[in-house]
Amino acid sequence: MAVGLSVAYAIGQILFWSAPELRQWSNVIIVFLPPEPAPFKVTRVLLLSGWVIAVLLGLWLFAIWRNGTATAVGTVRACQFGILGALLLPFAVMPMDAFGSSLPQLLLCLLTTGAALLLVHRVQLLRRLPGWLLLAGFGWGALIGGGFGIVMITWYQRYAPGFFLDWDRPQATVRTYLTLMSLNAALVTELGKAAGVAVLFFLFRRHFDGVVSGVVVGAAVGLGYNLAETVHFMSLINVAHHPTQFWDRQVVGLMATHVAFTALAGAGIGAARWLTERRDRLLAVGGGLMAAVGGHFETDMVLMHLDKRRSAWFGDNDTLSLLLGVPLLTLLTSGIFVVLYVLVLRRGLRAQAAGVSGALRAEAASGHRAVTEPEIGLLLSPRRRLLLELRVWRRDGTAGLRHLLRFQQAQLDLAVQRWHRTRPGADAFIPSEHQLRQKVLELKGTPMTLATEETP
């Protein structure tokens, strides 16, 4: 994934070098060719240096492998992480610059974004992904995915005018420029965000249940990207326009646009978890990516046309245009994709509930006492579990609540992995049932007398 992002960046650099020089200059052209931002220059230097470092470390690893040298695992891992850092960390420069230069705006956006991230975590009605995994996805979206998208969009602004702007036919060329700008933004941003979902999937596959996990991780990555983009735009515009940007991106469009697109891409990656045929996996992942890229492109293009008519719909009433016009445009452009990822999530939750229900009953019938018959109804009812959490919190405080959450999630994890073990796509990434059961019994305070280690 890191090499793929670097290759995409290199393509932008090559297009910039090969772009024809503009022969005509005017005030209009200057609008389409803004000065090169200083953080972008820093990114260019760091990426070129990072490629050199990555090549040297890669050659070192190749020499170790070729010669069969006995080397400590820590040294190999240090080289691998060094390569990843050299290839990925330069993309974080532009988001970090925006965060540092707009700290009050960042803190304000973190309030709404944090609430949305908590909502995404809670929509997992049964077994929940670890909080650190969602935070990792959020961090990728805010730093790596956000930086990659901003950098590639900046590249387009640097090379595209030379290719497309022709002032003998200004109207047609500007239309082409804007259309391809929307397509470029949709392609690079969605691929950069989907790469984060794919990385987390490959590294922590045991935590992915399927569509639900993919949607949730995709939404977390989308929230991170939305935060980076919001603060970046706020750092470029007049302070008087900050409330408009905040209302548009952090209130009305918070769970739409970027969250919706990456959730669909994540759903495709999550669905591929249990598909046994390579062709089916490629179709699922490709379908999710196509929905994400196509939705982003459609939203940008339609929004450009509808935004011109907003003043005609609401007249000179700026307040009404802001409070009603922005939600209306969001509904018309990306509303269908919000409905789509909610329906996908709902169907995934139903399938998950059916699988977990059967696994809980099988575990209760096994006699290991990790799950008993009276506990099944409670574990399958999110409403009852929430009421129990509130009662335990009032009685035992946060310590008791944390223990209850760990205990119930351990029970659900045991049931989910038992269910996974019976599915067609079962693989070696499913953890040991004995260890999961032992963890439940330890949290339950019950000695483990009946459980024995299963044959691998």
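A pocket is an open set of points on a 1 Å grid over the protein atoms alone, with protein on both sides within 12 Å along at least five of seven lines; a volume is the space filled by probe spheres set on the points, which are joined across faces, edges and corners. The model is predicted: local features need pLDDT of at least 70 and side-chain atom pairs 80 or more, while totals for chains, interfaces and linings use all residues. Residues are numbered from 1 along each chain as its sequence is written, and side-chain values use heavy atoms, without hydrogens and water.

**Exercise 1.** Describe the lining of the second largest pocket.

*Solution.* 
- Lining residues have an atom within 4 Å of a point.
- There are 36, with Met1, Leu191, Ala198, Val285 and Leu289 nearest the centre.
- Eleven come from α8, the largest contribution; α1 (2-18), α7 (131-164), α8 (170-203) and α12 (278-314) each supply at least two. Helices are DSSP runs (H or I, at least four residues), numbered from the N terminus.
- By class, 26 are nonpolar, five polar and five charged. Nonpolar means Ala, Val, Leu, Ile, Met, Phe, Trp, Tyr, Cys and Pro, charged means Asp, Glu, Lys and Arg, and the others, Gly among them, are polar.

**Exercise 2.** Describe the largest pocket.

*Solution.* 
- Its volume is about 1700 Å³.
- Of its 48 lining residues, Glu229, Phe233, Gln245, Arg249 and Asp300 are closest to the centre.
- The lining has 23 nonpolar, 17 polar and eight charged residues.

How values were computed:
On a 1 Å grid over the protein atoms alone, a cavity is a set of points where a 1.4 Å probe fits but cannot get out, and a pocket is an open set with protein on both sides within 12 Å along at least five of seven lines; lining residues have an atom within 4 Å of a point.
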